[in-house]
Amino acid sequence: MILVTGATGTIGSEVLRQLLAAGHPARAMTRDPARLAGTAAEVVRGDFDDPDSLARAVDGVEAVFLLTVARPPSTRHDEALLKVVGDATIVKLSGIGAGEEFDGGTVGYWNLAAEQVVKASGRRWTILRPSSFATNVLTADGRPVINPTGAAQQGVIDPADIAAVAVQALTRPGHDGQTYTLTGPELLSVPQQVVQLSEVLGRVVPVVDVEPAELARQLTEYGEDPASIEAMIRGVGFARAGRNAVLTDDVERVLGRPAGSFADWARRQFGD
Ligand SMILES: NC(=O)c1ccc[n+]([C@@H]2O[C@H](COP(=O)([O-])OP(=O)(O)OC[C@H]3O[C@@H](n4cnc5c(N)ncnc54)[C@H](OP(=O)(O)O)[C@@H]3O)[C@@H](O)[C@H]2O)c1
């Protein structure tokens, strides 16, 4: 049995879909099982902040897709799961640039710390460090895409490719102790993504540039906690400085075919 955490989210839902499509037994964890009603997977109520629910979720699993989004950023959710899980393979979703020093701080410090917690746990592990998700430019109907990274380019990746690599690491040998930095095949800025998205949609998608200070102000107004905002702004600054203009062939090395392009993702999402 394979446990998928974050099973209602962007990556976890795709990991679940691909595991089921390939015939693997999968258990989907969510705080609200009603959200997964009708899925073919076994669904379990699990909350990283509720140890009893976590213990039930991990019962009998051989592998875990581990995705955490603790606020403020910390390793507490990773630690909570590792405390209750048995001898299982852990495929940990981290992020590109984790541990890079920038602007007086450490980019993705919580991801780096979580990687270290997983590695020190004595379990078999694979770390996935994806670049910016293609889905980041999805907005509610008609709303402009918010662009905090200016003209900076990143190796934008199709979430389905992240999930496909996760599925390999969860189900096939040869990935233990590997850290994969996952990118798409080309460097793209947000405006460049929006041009491609507009072509697929057949209408101009509006895009609005937002400076980091303004983004921080908006997030504060939205009620986000200061540590999360600082972490987000450092990541944005890192990208704006061109430090995330990184391409790798790790997707191809694992999957045996090149990573899908942003345009392919957009066509799959919105094309006829
Ligand atoms: N966006 C990017 O470009 C990017 C790039 C690199 C790395 N990342 C990393 O990707 C991760 C986010 O992945 P995503 O976008 O797929 O997530 P997402 O769509 O935001 O979904 C978050 C998931 O976390 C679950 N969750 C939240 N709090 C929980 C709790 N207390 N207990 C159990 N489950 C909880 C939610 O499940 P329920 O609500 O159903 O319980 C949901 O399925 C983050 O760690 C981020 O650092 C993102």
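## Stop one: a serine in a loop

Select Ser94, which sits in the loop between strand E5 (89-93) and strand E6 (101-102). Strands here are DSSP runs of type E with at least two residues, helices are H or I runs of at least four, and both are numbered from the N terminus. Before you go on, know that this is a predicted model: local features need pLDDT of at least 70, side-chain atom pairs count only at pLDDT 80 or more, and totals for chains, interfaces and linings use all residues. Residues are numbered from 1 along each chain as its sequence is written, and side-chain values use heavy atoms, with hydrogens and water left out.

Is Ser94 buried or exposed? Ser94 counts as buried because its relative accessible area is 8%; buried means under 20%, exposed over 50%, and partly exposed in between, with a 1.4 Å probe and protein chains only. Now show side chains: those of Ser94 and Glu115 are joined by a polar contact of 2.6 Å. (A polar contact is a pair of N or O atoms within 3.5 Å; within protein, one must be able to donate a hydrogen and the other to accept it, and residues adjacent in sequence count only if both atoms are side-chain atoms.) Skipping neighbours within four places in sequence, Ser94 is also in contact (heavy atoms within 4.5 Å) with residues including Asn111, Ile127 and Leu128.

## Stop two: the ligand

Next, select the ligand. Which residues are closest to it? Of the 27 residues that surround the ligand, the closest are Thr8, Ile11, Thr30, Arg31 and Asn136; to be near, a residue needs a heavy atom within 4 Å.

- A polar side-chain atom of Arg35 is 3.2 Å from a ligand oxygen atom.
- A polar backbone atom of Phe48 is 2.9 Å from a ligand nitrogen atom.
- A polar backbone atom of Phe133 is 2.9 Å from a ligand oxygen atom.

On its own, the ligand has 920 Å² of accessible area, and the protein covers 79% of that. Colour helix H1 (10-21) and strand E2 (26-30): these are the elements giving two or more residues to the shell around the ligand.

## Stop three: the nonpolar core

Now pick Ile11, Val15, Leu19, Phe65, Leu128, Leu170 and Leu182. In the largest nonpolar core, which has 31 residues, these touch the most other members. (Such a core is a set of buried Ala, Val, Leu, Ile, Met, Phe, Trp, Tyr and Cys residues joined through side-chain atoms within 4.5 Å.) Which element gives the most to this core? That's H5, with 7 residues. Zoom in on Ile11: beyond four places away in sequence, the residues it touches include Phe65, Leu93 and Phe133.

In soluble globular proteins, nonpolar side chains tend to be buried together.

## Stop four: two more residues

Jump to Asp250, in helix H9. Asp250 is buried, with a relative accessible area of 8%. Its side chain and that of Arg253 are joined by a polar contact of 2.9 Å. Leaving out neighbours within four places in sequence, you'll find Asp250 in contact with Thr179, Tyr180, Thr181 and Leu182.

Last, select Lys119, which lies in helix H4 (residues 109-119). Lys119 is partly exposed, with a relative accessible area of 36%. Not counting residues up to four places away in sequence, Lys119 touches Trp125, Ile127 and Thr179.

Note on methods
Accessible areas come from the Shrake-Rupley method with a 1.4 Å probe; for residues, only the protein chains shown count as cover.
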